[in-house]
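Hi everyone, thanks for coming.

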Amino acid sequence: MDELIKTVRQNKTPIVIALAILMFVAFGFCPAIDVAGKAKINGLKVLFEGSGLGFSRFLSVLIFLAPMFVVLNNSVNLKLTGKLSEHFCTLCFIAGVVLCLLFAIALPSGISLSWGSWLYMLISLLGIGVCRIDIFTKNYLNE
């Protein structure tokens with residue numbers, strides 16, 4: 001377990017970028033919503049062809065932006081100040097989970113989340129864990 005924690009700490013940035021890309025792929029290209037148990041539609045179709053979805057369509061834009069900001073921050077190194085620079089990736093992953101839950105609530109009746117959206121939320125939770133691994137393992141490594 002110690003080696004896994006050390007490896008994650010050493011490779012934190014590439015792991016966070018990979019998780020953000022996986023989030024984008026999970027929502028964008030995998031089935032994101034299930035229409036009446038018959039048709040499964042990916043997130044890109046919801047975004048570009050989702051007429052009649054209204055607020056859910058707007059939330060899908062924000063769901064796509066959360067992992068994009070993570071990749072942008074870690075690859076370009078945005079000039080953020082103070083605590084925001086330390087916690088930006090964690091906040092983006094948290095925003096991804098919250099936005100996907102809001103997306104589930106805002107969907108019209110007869111439409112539910114499919115496995116791509118659930119995978120998106122699971123990967124977001126893993127991203128939170130990787131970003132905050134120092135806090136989660138502080139007591140473990142001190143013993």
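This is a predicted model: local features need pLDDT of at least 70, side-chain atom pairs count only at pLDDT 80 or more; totals for chains, interfaces and linings use all residues.

Setting aside its neighbours within four places in sequence, cysteine 92 touches Ala66, Phe69 and Val70. This cysteine sits in helix H5, and with a relative accessible area of 8% it is buried.

Now let's step back to the whole chain. We have eight helices and three strands. Reading from the N terminus, the order of elements is α-α-β-β-α-α-α-β-α-α-α. Along the principal axes, the C-alpha atoms fill a box of roughly 55 × 35 × 20 Å. The chain has 143 residues, and 38% of them count as buried. If you take the contacts between residues at least 6 apart in sequence, 66% of those contacts join residues at least 24 apart.

With that overview in place, I'd like to turn to helix H2, residues 12-28, and two of its partners.

Partner one is H5, which covers residues 83-106. The axes of H2 and H5 are 12 Å apart, and the packing angle is about 15 degrees. Angles under 35 degrees count as roughly parallel, so H2 and H5 are roughly parallel to each other. The crossing of H2 past H5 is left-handed. Which residues in H2 and H5 meet? On the H2 side we have Val16, Leu19, Ala20, Met23 and Phe27, and on the H5 side Cys89, Phe93 and Phe103. Sorted by class, this contact has eight nonpolar residues, with no polar and no charged ones.

Partner two is H6, residues 115-131. Here the axes come within 8 Å of each other and cross at roughly 165 degrees. An angle over 145 degrees counts as roughly antiparallel, so that is how H2 and H6 run relative to each other. H2 passes H6 in a left-handed crossing too. From H2, the residues taking part are Lys12, Ile15, Val16, Leu19, Leu22, Met23, Ala26 and Phe27. Facing them in H6 are Gly116, Ser117, Leu119, Tyr120, Ile123, Ser124, Leu126, Gly127, Val130 and Cys131. By class, the contact of H2 with H6 splits into 13 nonpolar residues, four polar and one charged.

Cysteine 89 is in no disulfide, and its nearest cysteine sulfur, on cysteine 131, is 4.9 Å away. Cysteine 131 is likewise in no disulfide, with the sulfur of cysteine 89 as its nearest, at 4.9 Å. The cut-off for a disulfide is a pair of cysteine sulfur atoms within 2.5 Å.

And are these two cysteines buried or exposed? Cysteine 89 has 12% relative accessibility, so it counts as buried. Cysteine 131 is buried as well, at 8% relative accessibility.

Key. Residues are numbered from 1 along each chain as its sequence is written. Side-chain values use heavy atoms; hydrogens and water are left out. Axes are lines fitted to C-alpha atoms, for helices over the stretch in contact, and angles run from 0 to 180 degrees between N-to-C directions. Helices (H or I, at least four residues) and strands (E, at least two) are DSSP runs, numbered from the N terminus. Angles under 35 degrees count as roughly parallel, over 145 as roughly antiparallel, 65 to 115 as roughly perpendicular and the rest as oblique. A crossing is left-handed if the near helix is turned anticlockwise from the far one by less than a right angle, and right-handed if clockwise. Contact means heavy atoms within 4.5 Å. Ala, Val, Leu, Ile, Met, Phe, Trp, Tyr, Cys and Pro count as nonpolar, Asp, Glu, Lys and Arg as charged, and the others, Gly among them, as polar. Buried means under 20% relative accessible area, exposed over 50%, partly exposed in between (1.4 Å probe, protein chains only).
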